Amino acid sequence: MAEFDGSEQPDQWHPDVLGDGFEQLTLPLGTDDEGEVVATLVRHTPRRRRWFWEARGAASDVDVLFVHGWNDYFFNRPLAEFWSNAGARFFALDLRKYGRSLRPGQTPGYVTDLATYDADIEAALAQMGHAVTDVPGSRPRPLLLLGHSTGGLTLSLWAARNHGRVAGLVLNSPWLEFQGSRVAREALAPVMSWGARVNPMGPLPNVDLGFYARSIARELDGEWEYSHEWRPDRGFAVHPAWLTGILAGHAKVAAGIDVGAPVLTLLSARSTLQPRWDDAMLSSDIVLVVDDIAQRALKLGPTVAVARIDGALHDVFLSREPARSAAYEAVAHWLRGYAPRGR
């Protein structure tokens, strides 16, 4: 896989590292104390045109924006192809300091407030034709947000602050609650808040044993090729100020929010969280407690569907067959009832 060298210019689409059918656009976001800050928008450009006499897909005339999770970036070609085949325009966003957007000397994934990503999301939406400042009376294509893990939390909070702009959310194992449950989160939050004030960038103990990478990497026990530089096997370093921002997001969801649109939450049927490798980790979520996430999903609004996929991984779309197909079928089934209707 080719690596991004940082030489691409803003406002110009360039070939993406995923190769044929994908392009990327650098989105300048100013500077911070670590230098230039950018996000990167990726779009799928399928070669095949859909002719007017063909049956319309379940997501025809819809725009889809995908946001990845922690220690991640967009690399799932079949996910883009699924949405394009359904009739949508598919875009994915590498947030600041992740993947294509990570610059030398930056702390990977580091923010202190998830609302910081509002700027990344708005820059992407502006390129997609969904800027909040669009001409009054204009009717952009319906917008559907697709978020994985921390990206699902980020997009849920953004949608709750931006009622009326989103027609639907599909959340792939969204990180809506801390792994130790609400009680553990409420006990941990003041400790992290103190740490964020005293030493915001202090490294916390690394609890990632590399099992998730083992379950998805092709050269190990998985099926996927990706950049291990952009997605390290043992994860990025975690800092108190970052975790404080995550816990604050969890607290907002626990109190109840309204994303203003129908929601589909995809989860594995079970979790396997333990300090030693077990082959069950190839067919379960080894990152989140899925039962807790299923309950928290109901706090996102009045219309929430939860699909539990037997044999799914934390990223259900990286699961082995038949779980992967079951995840896509769950999305297709939901779209038949809740797909936003284009012009």
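Modeller: A residue counts as nonpolar if it is Ala, Val, Leu, Ile, Met, Phe, Trp, Tyr, Cys or Pro and as charged if it is Asp, Glu, Lys or Arg, while the others, Gly among them, count as polar. By these classes, the lining of the second largest cavity has three nonpolar, five polar and no charged residues. The model itself is predicted.

That cavity holds about 30 Å³ of space. Its lining consists of H68, G69, L95, Y98, Y117, T150, G151 and T154. The residues that line the largest cavity are F66, D72, Y73, F74, F75, N76, L79, N172, D315, F317 and L318. By class, seven of them are nonpolar, two are polar and two are charged.

F66, one of the residues in the lining of the largest cavity, also belongs to strand β4, where F66 and V64 are buried on one side and D63, L65 and V67 are buried on the other. β4 spans residues 63–67, and five of its five residues are buried. Strand β5 (residues 89–94) runs parallel to β4 and is joined to it by five bridges; within β5, L93 is the bridge partner of V67. Between β4 and β5 the chain passes through helix α1 (residues 77–85), in a β-α-β crossover that is right-handed. β4 also pairs with strand β6 (residues 143–148), again in the parallel sense and over five bridges.

The open space remains to be described. The largest pocket has a volume of about 1,000 Å³. It is lined by 41 residues, of which W70, Q179, V207, D208 and V287 are the closest to its centre. Helices α4 (181–198), α5 (211–216) and α6 (240–255) are the elements that give two or more residues to this lining. The largest share, three residues, comes from α5. By class, the lining of the largest pocket has 24 nonpolar, twelve polar and five charged residues, whereas the lining of the second largest cavity has no charged residues.

How values were computed. Residues are numbered from 1 along each chain as its sequence is written. This is a predicted model: local features need pLDDT of at least 70, side-chain atom pairs count only at pLDDT 80 or more; totals for chains, interfaces and linings use all residues. Side-chain values use heavy atoms; hydrogens and water are left out. On a 1 Å grid over the protein atoms alone, a cavity is a set of points where a 1.4 Å probe fits but cannot get out, and a pocket is an open set with protein on both sides within 12 Å along at least five of seven lines; lining residues have an atom within 4 Å of a point. Grid points are joined across faces, edges and corners, and a volume is the space filled by probe spheres set on the points. Helices (H or I, at least four residues) and strands (E, at least two) are DSSP runs, numbered from the N terminus. Buried means under 20% relative accessible area, exposed over 50%, partly exposed in between (1.4 Å probe, protein chains only). Two strands pair if DSSP finds at least two bridges between them. A crossover is right-handed if, with the strands pointing away from the viewer, the path from the first strand over the helix to the second runs clockwise.
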